[in-house]
Amino acid sequence: MNLKTACIIIGQNIYHWRLARRLSERTVSEHLGITLKCLQKYENGVDSPTCDELIALAELFQCSVNDLCRGVT
């Protein structure tokens with residue numbers, strides 16, 4: 001699997017968990033200390049979060065980092 005595919009999968013998982021927890025893009029971006037545009041890039045698979053951001057997302061979504069990376073091999 002290439003990096004682009006991994007970014008897309010992680011982005012889809014972030015989007016899924018954000019909606020499942022009924023959180024707005026603004027809430028998530030503020031929690032991470034990033035811009036709304038940066039979060040949108042993550043969700044659209046254009047860029048990927050750092051390890052620290054993945055941990056913060058997992059805590060916010062009450063899931064595991066593994067859940068956010070599920071499908072990436």
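Let's start at Asn66, which sits in helix H5 (helices are DSSP runs of H or I with at least four residues, numbered from the N terminus). This is a predicted model, where local features need pLDDT of at least 70 and side-chain atom pairs count only at pLDDT 80 or more, while totals for chains, interfaces and linings use all residues. Residues are numbered from 1 along each chain as its sequence is written, and side-chain values use heavy atoms, with hydrogens and water left out.

Asn66 counts as exposed because its relative accessibility is 53%; the cut-offs are over 50% for exposed, under 20% for buried and partly exposed in between, with a 1.4 Å probe and protein chains only. From Asn66 to Ile55 it's 11 residues in sequence and 9.8 Å from C-alpha to C-alpha.

Now for helix H4, residues 51-61, whose buried residues are Glu53, Leu54, Ala56, Leu57, Ala58 and Phe61. They pack against H1 (3-20), H2 (25-32), H3 (36-43) and H5 (65-69), with contact meaning heavy atoms within 4.5 Å. Just past the end of H4, Gln62 takes a positive phi of about 55°.

Leaving aside residues up to four places away in sequence, Leu57 touches Ile14, Val28, Leu32, Pro49 and Leu68.

How values were computed:
Helices (H or I, at least four residues) and strands (E, at least two) are DSSP runs, numbered from the N terminus.
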